[in-house]
Amino acid sequence: MRTNRIARVGNRIKTCWGFTLLALAVILGACASYGPYHKNTAANPTNSLRGPADGRYKMGFIEFGDQGSALDESQRTAALSVIRKAKRPLLFVYIHGWQNDATSGDTCKFEHFLDTLSRFPEMREHKIDLIGIYIAWRGKDLTIPGLDLLTFWSRKSAGGEVAAQNGCLAAISELAMAARAPDKQLHHCVLMGHSFGGLVLGNTISHSILDASANGERNSSPWDMAVAFNSADDSISTRQLMSELDHLYTYDPARHAYVSRPGAPGKVTTIGENRPLLVLLQAENDSATGGFFPIGTNAANVTGLRFHWTKVSVPGSNGVMVSEKEFETHTPGNNKYLINYKVEPRGDATPPPWLKGSQNRAVEANVVHNLQGRIFYTSEKNDGHEARYCPGSTYDPNAIKPASEKELWKKWEIVYTGNARVPYWIVRVPKEIISGHRPR
């Protein structure tokens, strides 16, 4: 009888072990590949580049691993080659967010964005060399629906690691400097990051914003603008950066500029009011960063037995101190102590009669019309109709894309709402413009 009991126990152990191995096999089988997905080879040395045959835009990939190391050094070389050949480069560098990588739908959406810009007549008339570089990392490491939500903490950590190491900043800086080389007839460079990509972008360039050049001049970054969408970072580094900028700058309403504070260290370059160093756009109805992020962060604090918090100063508040937990558990765009701008509606609008484009015509109107202050147009109804161009990761630049029949012209204004008035804007955006956690 004892022998039978032992046998039954042994069978149960074998069964449990079998289920464990099966579960482990399923999870391991659902792990996303490390890449690189767009590796250049001797047979295809430009596999990391794509674009239409007529050359109206070029798109390149640069992929990084979880420790921030480039997965294929030749990808950066290929991207730089395209930029160096361009005489009038307009460069967009995009860093994707959580649940995306170098093969996800974000690649298609970014290429659709480039294609849309390339079709504006002004681009052709001014012979603009439109270039987009997709900075990829493993924002997705599990592919099982539902279980992939559990990767929040691991992917946030991976994004922080990519930002903390040298590879990403070195690549972004070299791309931007190549775009503004002395032989260029015209140049512009815009950096963009979404979700955890906003974390990577903000943390990567914040040190560059504060660094001084060899002659002691500050804030001489080689990019023209940096924009994060629905950043999924905590507010700690943002609070510190805004505090430092508040230490260096004061706002001069007469000059409509951020100017050096008396006694600020080094030579602080005057920055025009509407040319901030960094802009963070936050959708008002983004439940991922507004709801899930605090829950996930608080859960991590409880399991990590973290209960003690110091008090830190609120930027621009003349000494107001609050618990640092307020910054650790809220993203910048959902932090009442940091938000300093808001998009306000300014009524219906009509399209200017001289527009030549057919898609997203408000972009053309904003660029060409050069509205005063912080006024801008939108023309597309935010109903997701553009999703039909990107059912997956593959984009067809030759597909016919008819003009939208759902144009809804509106005028908006970005207004200062309080808190630190520094060249770092944290802007709340209505759902009519950015809805939820989507990057566009």
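Predicted model: local features only at pLDDT ≥ 70, side-chain atom pairs only at ≥ 80, totals over all residues.
Residues are numbered from 1 along each chain as its sequence is written, and side-chain values use heavy atoms, with hydrogens and water left out.

**Helix H9**

- Helix H9 covers residues 287-303, 17 residues in total; helices (H or I, at least four residues) and strands (E, at least two) are DSSP runs, numbered from the N terminus.
- From first C-alpha to last, H9 reaches 23 Å, close to the 24 Å expected at 1.5 Å a residue (1.5 Å times one less than the number of residues).
- Thr289, Phe293, Pro294, Gly296, Thr297 and Asn301 are the buried residues of H9; buried means under 20% relative accessible area, exposed over 50%, and partly exposed in between, with a 1.4 Å probe and protein chains only.
- These buried residues pack against helix H5 (152-164), strand S12 (278-283) and helix H10 (325-328), where contact means heavy atoms within 4.5 Å.
- At the start of H9, the backbone nitrogen of Ala288 has a side-chain oxygen of Asp286 within 3.0 Å.

**Cysteines**

- One disulfide turns up in a search of the whole structure, a disulfide being a pair of cysteine sulfur atoms within 2.5 Å.
- Its partners are Cys108 and Cys390, with sulfur atoms 2.1 Å apart.
- This pair links distant parts of the chain, 282 residues apart: Cys108 sits in helix H3 (residues 105-118) and Cys390 in the loop between strand S16 (375-380) and S17.
- The disulfide is left-handed because the torsion about the S-S bond of Cys108 and Cys390 is about -85°.
- Cys108 and Cys390 are both buried.
- Cys168 is buried too, at 0% relative accessible area, and Cys189 counts as buried at 1%.

- Most residues other than glycine have a negative phi.
- Lys127, not a glycine, has a positive phi of about 50°.
- Lys127 is in the loop between helix H4 (121-125) and strand S4 (129-136), and counts as exposed because its relative accessibility is 64%.
- Asn419 also has a positive phi, near 70°.
- Asn419 lies in the loop between strand S17 (407-416) and strand S18 (424-429), and its 30% relative accessibility makes it partly exposed.

Definitions and conventions: Polar contact = N/O pair within 3.5 Å; in protein donor to acceptor, adjacent residues only side chain to side chain.
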